[in-house]
Amino acid sequence: MSTGLEDAWQNLRLTADEEQVVIVDDADDNTDELISLCLLGKLHTQCSFNPKATKSVFCNIWKPSKELVIRDLDSNLFAFQFFAASDRDYVLNEGPWAFDGSLLLLKQMTGLEVPVEVEFSTACFWVKAYDVPDKKQTISFARILASHIGEFVSYDDATVFGIDKVLCFRVDIDISNPSRRGIYIKVDDRQMWIRFKYVKLPDFCCGCGKLGHVLAGCNSVQIVEDDPNLQYGSWLRPLLSTDNSTNMIIDATTVINPGPEAFKRDEHALNIWDDRWLPRPTSFHPITPKTDAWADLKVSDLIDHNMACRHESLIR
Ligand SMILES: [Zn+2]
């Protein structure tokens, strides 16, 4: 349906002066760097949410080294203006991010787009591929696997040529598709199934496998929560993220970067909440109040044992 403004525009007869097109040279503008530090973002959700709380949470999670200005452009459209490239890169490279279980979709700005017309169709995830044969723990094989999930972005060196049968790579994924659970490959006439898991996977539908809604809000699958025929489940998340309470603790980003020394100690014995393991001046453990259910969490729970490294994106 056209608006009154559009109707009025179509009926206008431009004067000769108005028909002239002015060629604008942008060489004199100094806005490129400023715009390159800006991101557009929206939450991938069908539910209503509190924009003020959303902005506050992302400020707290990201902890930018310089200022961060977040503007509301529409009911579910934000402009994130950073003032340091490192802050912008951290947000782009360490995602995905979520608010209240809903994925935050991000796009770099060009400065010429109409923000409300920007399409948010993909999101970057670290994908872990399990049961990869030793001889296929290569960068080229990571690229092949990634190409069947989305668009390959990068890989984790720590997992290449390892012997733990896990490859980790970053993929730009079309969020309108169900999360791919794995792939059959055939090597030397041996067929095998390689499983995929998604790091920091936010809420998704266990019925259809798509992001953006949960089972209760699914329009395509009529199935109940504990039905054995559910085709998707929390097992799509790597071990560390299999329960929401652990996610809650980590997403709170109360764990600061302790430096490599902290992990040389016996992390299996160090209690996250009670032991003195963080190099903080006053508190030597996270500030977030612990819950009884997770009172026994150890520092080792913050380490990705499959990849033999700490979770860089979780510990800042
Ligand atoms: Zn669904």
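This is a guided tour of a predicted model, taken selection by selection.

**Before selecting anything**

Residue numbers start from 1 along each chain, following the sequence as written. Because the model is predicted, local features are reported only at pLDDT of at least 70 and side-chain atom pairs only at pLDDT 80 or more, whereas totals for chains, interfaces and linings use all residues.

**Whole chain**

Show the protein as a cartoon: it has seven helices and twelve strands. Helices (H or I, at least four residues) and strands (E, at least two) are DSSP runs, numbered from the N terminus. Of the 316 residues, 25% count as buried. A residue is buried if 20 or more other C-beta atoms lie within 10 Å of its own, exposed if 12 or fewer, and partly exposed in between, with C-beta atoms placed from the backbone. Among contacts with a separation of 6 or more, 62% are between residues 24 or more positions apart. Two residues are in contact if their C-beta atoms, placed from the backbone, lie within 7 Å.

**The five-stranded sheet**

Select β1 to β5. These five strands form an open sheet in the order β2-β3-β1-β5-β4, with antiparallel pairing. The edges are β2 (68–74) and β4 (97–99), each of which pairs on one side only. From one strand to the next the twist averages 35°. Strands pair if DSSP finds at least two bridges between them. Angles run from 0 to 180 degrees between N-to-C directions, and axes are lines fitted to C-alpha atoms, for helices over the stretch in contact.

Now zoom in on β4 and β5 (residues 102–108), which pair in the antiparallel sense over three bridges. Here tryptophan 97 stands opposite leucine 104 in β5.

**Along α4 and past its end**

Pick the first and last C-alpha of α4: this helix of twelve residues reaches 17 Å, close to the 16 Å expected at 1.5 Å a residue. The expected span is 1.5 Å times one less than the number of residues.

Next, select lysine 63, in the loop between α4 and β2. Lysine 63 is not a glycine, yet has a positive phi of about 45°. Lysine 63 counts as exposed because 12 other C-beta atoms lie within 10 Å.

**The two ends of β4**

Go to proline 96, in the loop between α5 (85–93) and β4. A cis peptide bond joins glycine 95 to proline 96, with omega about 10°.

Then move to aspartate 100, in the loop between β4 and β5. Its phi is near 55°, a positive value in a residue other than glycine. Aspartate 100 has 14 other C-beta atoms within 10 Å, so it is partly exposed.

**The nonpolar cores**

Show the side chains of Leu104, Phe125, Val127, Leu145, Leu167 and Phe169, the residues with the most contacts inside the largest nonpolar core, which has 34 residues. Such a core is a set of buried Ala, Val, Leu, Ile, Met, Phe, Trp, Tyr and Cys residues joined through C-beta atoms within 7 Å. At least two of its residues come from each of β4, β5, β6 (122–130), α6 (139–147) and β8 (166–174). β8 gives the most, with six residues. Color by domain: the core draws at least three residues from each of domain 1 (31–117) and domain 2 (122–239). The domain bounds come from an automatic or database domain assignment.

Center on valine 127. Leaving aside residues up to four places away in sequence, valine 127 touches Ile149, Phe169, Val171, Phe196 and Tyr198. A second, separate core of five residues includes Leu37, Phe78, Phe80 and Phe82.

**Leucine 34**

Select leucine 34, in helix α3 (residues 32–36). Leucine 34 counts as partly exposed because it has 14 C-beta neighbours inside 10 Å.

Finish at strand β9 (residues 182–187). The number buried among its six residues is zero, so β9 lies largely in the open. Six bridges join β9 to β10 (residues 190–198), and the two run antiparallel. Glycine 182 stands opposite arginine 195 in β10. The hairpin has two residues between the strands, and aspartate 188 takes a positive phi near 50° there.
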